Amino acid sequence: IETANEVNKRAIHEAGKAEARRAISTWGLGPVKSLDDYMVVHAVLTNLLTRGLLESRLLRTGENTLRYAVTRCFAHEQTVRAGVAAVYDCGIFPRVTGWLAGAGLDCTVSPELGRCLKAQGLECAYTFTTRAEIGGDGDAI
């Protein structure tokens with residue numbers, strides 16, 4: 001299960017990067033020069049890719065921080081149903097870190113990505129903090 005979790009997280013992160021780049025290019029959403037710009041990209045991606053699967057909210061909580069909280073998650077529901085929730089590493093947030101990276105944002109994540117927070121009885125919420133200023137070309141500098 002550990003190997004499957006690691007492979008899944010890496011694959012989902014990389015897919016998220018490609019999704020963000022494609023959305024930014026296709027719909028003219030870039031360059032991403034601020035967290036507010038990213039929030040637009042995030043809204044497009046969540047509406048296209050996760051509608052009906054998640055109930056979530058992304059909030060800007062500071063000059064360089066975002067907080068993303070999920071109140072309903074299809075992955076959690078299905079892993080509970082399958083009886084594997086206790087050993088499942090969240091695949092939702094690696095996709096979000098991929099979206100951030102694909103938009104050119106270099107961020108830290110708190111808490112660290114790993115086991116499903118809901119399965120641990122915790123609130124499913126992560127804080128993303130940019131590590132650098134965002135350059136004019138949409139890349140972190």
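## Fold report for the predicted model

In this predicted model, residues 24 or more positions apart account for 61% of the contacts in the chain with a separation of 6 or more. Buried residues make up 40% of the 141 residues. The accessible surface comes to about 7,600 Å², and carbon and sulfur atoms contribute 52% of that area.

The chain holds four helices and four strands, arranged along the sequence as α-α-β-β-α-α-β-β. Its radius of gyration is 15 Å, close to the 14 Å that the globule rule gives for 141 residues, so the chain is as compact as a globular protein of that length. The C-alpha trace spans about 45 × 30 × 30 Å along its principal axes.

The four strands form an open sheet with antiparallel pairing, in the order β1-β2-β4-β3. Because β1 (54–62) and β3 (107–110) stand at the edges with a single partner strand each, one side of each is left without a neighbour in the sheet. From one strand to the next the twist averages 20 degrees.

| Helix | Residues | Strands touched | Angle between directions |
|---|---|---|---|
| α2 | residues 35–49 | β1, β2 (65–73) and β4 | about 180 degrees with β1 |
| α4 | residues 92–102 | β1, β2, β3 and β4 | about 20 degrees with β4 |

Conventions:
Residues are numbered from 1 along each chain as its sequence is written. This is a predicted model: local features need pLDDT of at least 70, side-chain atom pairs count only at pLDDT 80 or more; totals for chains, interfaces and linings use all residues. Side-chain values use heavy atoms; hydrogens and water are left out. Two strands pair if DSSP finds at least two bridges between them. Helices (H or I, at least four residues) and strands (E, at least two) are DSSP runs, numbered from the N terminus. Axes are lines fitted to C-alpha atoms, for helices over the stretch in contact, and angles run from 0 to 180 degrees between N-to-C directions. Contact means heavy atoms within 4.5 Å. The radius of gyration is taken over C-alpha atoms; the globule rule is 2.2 Å times the number of residues to the power 0.38. Buried means under 20% relative accessible area, exposed over 50%, partly exposed in between (1.4 Å probe, protein chains only). Accessible areas come from the Shrake-Rupley method with a 1.4 Å probe; for residues, only the protein chains shown count as cover.
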